[in-house]
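Please keep the sequence and the structure in view while reading.

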Amino acid sequence: PAISALQRGAFEQAGEDARAKLASDGKNPYARLVRAIVTYEASMRALSLDVRTLVIGGAAAGGINHAYLRTSLEKAESALARVEDDLAVVNDHPDLAVELCVACWDIDWNGNGRVDARDHVLLEIEQDEKGEPIPAGDPRRRPTFRFDHGDVAWARAFVSFQRALIDLVLA
């Protein structure tokens, strides 16, 4: 159920389903993968909103609230540590694979309170292999990708990089 919810882009439901599975099988690699993705998405969305708040508030007030910035970064770093823990378990299962159409997710990526036209096309493939534009509505704009062990390794490296960057800013 967690994978199915993730494939639909229902992050909250996917997270609930993953937590339920992990309550009975704490090492389940598919549930750990879903929890990692859901935790990552939620933490990066929160950090993005916090940064926007800081920038807009800082511009209006003439300065940045450093305590708010520190708290936001510490929360993000803590969430990324949990993501990294989940991905480490998933990494021990080299045969694991999940198929996802990330461009099919109806998510308010820009945080304006609604899923608008910009959100719909954000993750679409806009050009073919020859560099030619792919017309709107063409199924090639929304392919299904197979995420496997190599993607898990890449995700672990990316999360480690983000944690290091946050640590640098906090220092």
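How do the residues of the lining of the largest pocket divide into nonpolar, polar and charged? In this predicted model, the lining comprises 23 nonpolar residues, one polar residue and four charged residues. The pocket itself holds about 820 Å³ of space. Its lining is made up of 28 residues, and those that lie nearest the centre are Ile 37, Tyr 40, Glu 41, Trp 105 and Trp 154. Several elements take part: helix 3 (29-61), helix 4, strand 1 (98-100) and helix 6 (149-170) each supply at least two residues of this lining. Helix 3 gives the most, with 10 residues.

The setting of this pocket may now be described. The protein has six helices and two strands. Read from the N terminus on, its elements follow the order α-α-α-α-β-α-β-α. The C-alpha trace spans about 50 × 45 × 30 Å along its principal axes. Of the 171 residues of the protein, 36% count as buried.

Helix 3 has 33 residues, and from its first C-alpha to its last it reaches 47 Å, close to the 48 Å expected at 1.5 Å a residue. At its start, a side-chain oxygen of Asn 28 reaches to within 3.0 Å of the backbone nitrogen of Tyr 30. At the other end, helix 3 is followed by Gly 62, whose phi is positive, near 85°. Helix 3 also contains Arg 32. With a relative accessible area of 11%, Arg 32 falls under the 20% limit and is therefore buried. A polar atom of the Arg 32 side chain lies 2.9 Å from the backbone oxygen of Gly 26.

Helix 2 (residues 11-24) is the place of Ala 14. Ala 14 has a relative accessible area of 0% and so is buried. The C-alpha atom of Ala 14 is separated by 8.9 Å from that of Ala 31, a residue 17 positions apart from it along the chain.

At the start of helix 4, a side-chain oxygen of Asn 65 reaches to within 3.1 Å of the backbone nitrogen of Ala 67.

Attention may next pass to the cysteines. The structure holds one disulfide, and this bond joins Cys 101 to Cys 104 with an S to S distance of 2.1 Å. The torsion about the S-S bond is about 65°, so the disulfide is right-handed. How do the two partners stand in accessibility, buried or partly exposed? Cys 101 has 9% relative accessibility and therefore counts as buried. Cys 104, at 33% relative accessibility, counts as partly exposed, because partly exposed denotes values between the 20% limit for buried and the 50% limit for exposed.

His 120 is found in helix 5 and, at 31% relative accessibility, counts as partly exposed. Glu 126 is found in the loop between helix 5 (117-121) and strand 2 (145-147). At 49% relative accessibility, Glu 126 counts as partly exposed, since exposed would require a value over 50%. From C-alpha to C-alpha, Glu 126 and Leu 170 are 37 Å apart in space, and they are 44 residues apart in sequence.

Arg 156 has its place in helix 6, an element that supplies at least two residues of the lining of the largest pocket. With a relative accessible area of 28%, Arg 156 is partly exposed. Arg 156 and Thr 71 are 85 residues apart in sequence and, C-alpha to C-alpha, 23 Å apart in space.

Conventions: Residues are numbered from 1 along each chain as its sequence is written. This is a predicted model: local features need pLDDT of at least 70, side-chain atom pairs count only at pLDDT 80 or more; totals for chains, interfaces and linings use all residues. Side-chain values use heavy atoms; hydrogens and water are left out. A polar contact is a pair of N or O atoms within 3.5 Å; within protein, one must be able to donate a hydrogen and the other to accept it, and residues adjacent in sequence count only if both atoms are side-chain atoms. Helices (H or I, at least four residues) and strands (E, at least two) are DSSP runs, numbered from the N terminus. On a 1 Å grid over the protein atoms alone, a cavity is a set of points where a 1.4 Å probe fits but cannot get out, and a pocket is an open set with protein on both sides within 12 Å along at least five of seven lines; lining residues have an atom within 4 Å of a point. Grid points are joined across faces, edges and corners, and a volume is the space filled by probe spheres set on the points. Ala, Val, Leu, Ile, Met, Phe, Trp, Tyr, Cys and Pro count as nonpolar, Asp, Glu, Lys and Arg as charged, and the others, Gly among them, as polar. A disulfide is a pair of cysteine sulfur atoms within 2.5 Å. Buried means under 20% relative accessible area, exposed over 50%, partly exposed in between (1.4 Å probe, protein chains only). The expected span of a helix is 1.5 Å times one less than its number of residues.
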